[in-house]
Amino acid sequence: MFVKSDDVLIEEALGGSEKAYSLLVAKYWQRIFRFLRRRVYDNALAEDITQQTFIAAFKYLKTFRGDSSLYTWLCTIAINNASKTPSNSLKTEHELHTLENPESILQVKQTVAEVMGVWSNLPSKQQRALYLRVHDNMRYYDIGIALRCSEQYAKKLVYLAKRTIRKEVNGKQ
């Protein structure tokens, strides 16, 4: 069975082929949903944002330049859509199920709250760069593409964000 490359499917979708666009959606829907599900608390919200992502991707497909993979481009759209959701629906707490005693759970919760407090005051590009690096384990090259900056600047953004968080959190202890 012949599987068409993303480039071919994109070209066909731009030419008006609904089948090509459907194949792209089928190929990436689950990955984008899982990508978003790690960021939001419920499946319904992740499903809604995934749908918004593909609607936006269809609308702006002609702007896709191919500088990054289609998946990276879709993740960027997904992140932008997720950032428009109310912050109480986004995951902000560390998983606590591995901790056994109440004191350690409380300590972790306090540290997470401190880190999130400092993080929320970081410049938005630093927030996004750090999030992509730590949460998604994204390469600096891909972070640069997602944030429309160089790979070196992406590294600098992550470094500055980490330094600020360490300084603020360690300074309070």
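Predicted model: local features only at pLDDT ≥ 70, side-chain atom pairs only at ≥ 80, totals over all residues.

Reader: How are two packed helices described?

Author: Two packed helices are described by the angle between their axes and by the distance between those axes. Here, helix H2 (residues 18–37) packs against H3 at an angle of about 140°, and their axes are 9 Å apart.

Reader: Which word describes the way H2 and H3 lie to each other, and why?

Author: They are oblique to each other, because an angle has to be over 145 degrees to count as roughly antiparallel and theirs is about 140°. The crossing of H2 and H3 is right-handed.

Reader: Which residues make the contact?

Author: On H2, they include Tyr21, Leu24, Tyr28, Trp29 and Phe33. On H3, Ala46, Ile49, Phe54 and Phe58 are among them. By class, the contact of H2 with H3 has 13 nonpolar, four polar and two charged residues.

Reader: Now the pocket. How much space lies in the second largest pocket?

Author: About 520 Å³. The lining of this pocket has 22 residues, and Trp73, Thr76, Ile145, Ala146 and Arg148 lie nearest its centre.

Reader: Which helices supply the lining of the second largest pocket?

Author: H3 (43–60), H4 (70–82), H6 (124–134) and H7 (140–147) each supply at least two residues. The largest share, six residues, comes from H4.

Reader: How do the residues of that lining divide by class?

Author: Eight are nonpolar, eight are polar and six are charged.

Technical notes
Residues numbered from 1 in each chain as written. Heavy atoms only, no water. 1 Å grid on protein atoms, 1.4 Å probe; cavity = no way out; pocket = protein on both sides within 12 Å on 5 of 7 lines; lining within 4 Å. Points joined across faces, edges and corners; volume = space filled by probe spheres on them. Helix = DSSP H or I, 4+ residues; strand = E, 2+ residues; numbered from the N terminus. Nonpolar A, V, L, I, M, F, W, Y, C, P; charged D, E, K, R; others polar. Axes fitted to C-alpha atoms, helices over the stretch in contact; angles between N-to-C directions. Parallel < 35°, antiparallel > 145°, perpendicular 65-115°, else oblique. Left-handed = near helix turned anticlockwise from the far one by under 90°. Contact = heavy atoms within 4.5 Å.
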